[in-house]
Amino acid sequence: MSKFLRALQKVGLVEVNDGEVSIPETVAAEPVVETPAAPPEPEPAAPLPTGDVVEQRPYDAIYAEQSVPTSPFSAEKLLKILDGLAALEPASRKAAVLALDAADDAWTIDDALLDAERKIRALATARGQLEAHARGALEQARKDVTERDQRQQDAVTRVRSQIAELEALLEREVTRATEEKSALENTARATKDACVREATRLDAEALRLKKIAEMFGHSPGPSAATPP
């Protein structure tokens with residue numbers, strides 16, 4: 001047994017029985033299914049959601065959305081094997097995986113490489129959708145802000161117009177009230193002046209009439225004869 005196989009057996013990545021090398025069930029290949037050689041053409045992208053972005057979505061859900069077919073030996077399982085060989089040098093890790101590939105006809109490294117390539121494309125597509133969603137959200141936010149600014153400006157214009165109208169109304173009311181008060185005061189002064197003039201006239205007439213009384217009024221007549 002080579003040192004690579006012994007290292008793989010030590011970390012539990014292979015089982016060796018009577019010279020036969022096999023992969024334990026924990027890292028066994030997934031069932032082989034009928035799949036096309038390449039993923040189908042993607043359908044037109046659906047309208048981007050307008051709500052918040054859903055974070056931490058499972059990768060399997062992303063791959064399913066992008067129609068990534070099932071692989072006889074997934075890239076994740078190959079990564080798991082490489083993680084188990086982390087103590088080895090890169091060249092030794094590669095040689096160990098190649099030894100496993102040669103020892104098990106159920107899968108090949110090419111299966112994992114193709115699976116990784118497909119999943120990388122799926123992740124890139126999902127990332128592009130996120131970028132498009134972010135751009136759309138920013139554009140929508142700018143549009144909403146512009147519309148909100150316009151509504152605010154319209155409201156300010158209406159309020160200022162109403163204020164101008166009210167100020168004009170107030171000015172007219174103040175002017176009218178001032179004129180009415182002035183008219184009332186003028187009327188009162190005119191009434192007072194008329195009363196004074198009329199009272200003066202009456203006093204003058206009374207004084208003129210008194211002169212008659214003073215001139216011809218009753219004066220003491222001759223005394224009555226004293227009886228003899």
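## Basis of the model

The structure is a predicted model, in which local features need pLDDT of at least 70 and side-chain atom pairs count only at pLDDT 80 or more, while totals for chains, interfaces and linings use all residues. Residues are numbered from 1 along each chain as its sequence is written, and side-chain values use heavy atoms, with hydrogens and water left out.

## Overall architecture

The protein contains 5 helices and 2 strands, and their order along the sequence is α-β-β-α-α-α-α. Helices (H or I, at least four residues) and strands (E, at least two) are taken as DSSP runs and numbered from the N terminus. Of the contacts in the protein with a separation of 6 or more, 70% are between residues 24 or more positions apart.

Buried residues account for 17% of the 228 residues in the protein; buried here means under 20% relative accessible area, exposed means over 50%, and partly exposed lies in between, as computed with a 1.4 Å probe on protein chains only. The accessible surface comes to about 17,800 Å², and 58% of that surface belongs to carbon and sulfur atoms. These areas come from the Shrake-Rupley method with a 1.4 Å probe, and for residues only the protein chains shown count as cover.

Helix α3 spans residues 75-84, and its buried residues are Ala-75, Lys-77, Leu-78 and Ile-81. They cover an arc of only 165° around the axis, which means that they lie on the same side of α3; the arc is that of the directions from the helix axis to the C-beta atoms. The buried residues of α3 pack against α4 (90-103) and α5.

The largest nonpolar core has 10 residues in all, namely Phe-73, Leu-78, Ile-81, Leu-85, Ala-96, Val-97, Leu-100, Trp-107, Ile-109 and Ala-112. At least two residues of this core are supplied by each of α3, α4 and α5, and the largest share, 3 residues, comes from α4. A nonpolar core is defined as a set of buried Ala, Val, Leu, Ile, Met, Phe, Trp, Tyr and Cys residues joined through side-chain atoms within 4.5 Å. In soluble globular proteins, nonpolar side chains tend to be buried together. Leu-100, which is found in helix α4, is buried with a relative accessible area of 1%. The C-alpha atoms of Leu-100 and Ile-81 are separated by 9.9 Å, and the two residues are 19 residues apart along the chain.

## Salt bridges

The structure holds 9 salt bridges, each being a side-chain nitrogen of Lys or Arg within 4 Å of a carboxyl oxygen of Asp or Glu. One of them joins Glu-65 to Arg-57, with the closest N and O atoms 2.6 Å apart; Glu-65 is partly exposed at a relative accessible area of 47%, and Arg-57 is also counted as partly exposed, at 29% relative accessibility.

Within helix α5, Arg-176 and Glu-173 are 3 residues apart and therefore separated by about one helical turn, and they form a salt bridge in which the closest N and O atoms are 2.8 Å apart. Arg-176 is partly exposed, with a relative accessible area of 41%, as is Glu-173, with 37%. Glu-205 and Arg-208 are likewise 3 residues apart in helix α5, so about one helical turn separates them, and their side chains meet in a salt bridge (2.6 Å, N to O). Salt bridges that share partners also join Glu-76, Asp-115 and Lys-119 into one network. Lys-119 is found in helix α5 and counts as buried at 11% relative accessibility.

## A nonpolar surface patch

Leu-209, Ile-212, Met-215 and Phe-216 make a nonpolar surface patch of about 480 Å². Patches are made of residues with over 30% relative accessible area and no salt bridge, with like charges joined within 9 Å and nonpolar side chains (Val, Leu, Ile, Met, Phe, Trp, Tyr) joined within 5 Å. Met-215 lies in helix α5, which covers residues 109-216, and Met-215 is exposed, with a relative accessible area of 61%.

Technical notes
Contact means heavy atoms within 4.5 Å.
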